[in-house]
Amino acid sequence: METILVVDDEADILKLISENLLVRGYQVTKAKNANDALGKLQAESPSLLVLDIKLPDLTGWQLLERLENDPTVTYRFPVLIMTASISDANMDMRKFPQVAEILVKPFSIPNFVAAVKRSINHKLIQE
């Protein structure tokens, strides 16, 4: 069973995404901010990180930079970015090779689920 860590500070979005992943057979871990996510990632490595860019403590980009430099995290999982900003969607991804895809909000649940599947397959290609 694939484990997905979902990081979003908006409770409604966190719940909607988590419930849709659970009914599709994924195991879900939730985090409300970057520091909560970092703690969970230090304890366990997910199959996929679904990461909102705008968080109350760090941006998603800052969290990814921390993961690159944190010896307590095994950073071999793909990342699916969620953002409301078109500028984030056009970011140069060479700095973040683990980012499999960027979804611009609002997005439909079918598009989200398809992006999750593609992102998990991104992991399989890298290994």
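**Charged pairs, up close**

Modeller: Let's start with Asp36, which makes a salt bridge to Lys40, with 3.7 Å between the closest N and O atoms. Bear in mind that this is a predicted model. Asp36 and Lys40 are four residues apart in helix H2, so about one helical turn separates them. Asp36 is partly exposed, at a relative accessible area of 29%, and Lys40 also counts as partly exposed, at 29%.

Now for the pair I'd zoom in on. Lys105 and Asp52 bring their side chains together in a salt bridge, 3.0 Å from N to O. Lys105 sits in the loop between S5 and H5 while Asp52 belongs to strand S3, so this contact ties together parts that lie 53 residues apart in sequence. Is Lys105 buried or exposed? Lys105 counts as buried because its relative accessibility is 19%, and the cut-off for buried is under 20%. Asp52 is buried as well, at 3%.

The peptide bond running from Lys105 to Pro106 is cis, with omega near -5°. Pro106 is placed in the loop between strand S5 (99-104) and helix H5 (109-126).

Back to the salt bridges: searching the whole structure turns up five of them. One of these joins Glu19 to Lys15, whose closest N and O atoms are 4.0 Å apart. Both residues lie in helix H1, four residues apart, or about one turn of the helix. Glu19 counts as partly exposed at 42% relative accessibility, and Lys15 is partly exposed at 49%.

Helix H1 (residues 11-22) also holds Asp12. Asp12 itself is exposed, with a relative accessible area of 66%.

Glu44 falls in the loop between helix H2 (34-43) and strand S3 (48-52), and it counts as partly exposed at 48% relative accessibility. The C-alpha atoms of Glu44 and Val73 are 8.1 Å apart, although 29 residues separate them along the chain.

Conventions. Residues numbered from 1 in each chain as written. Predicted model: local features only at pLDDT ≥ 70, side-chain atom pairs only at ≥ 80, totals over all residues. Heavy atoms only, no water. Helix = DSSP H or I, 4+ residues; strand = E, 2+ residues; numbered from the N terminus. Buried < 20%, exposed > 50% of the residue type's maximum accessible area, 1.4 Å probe, protein only.
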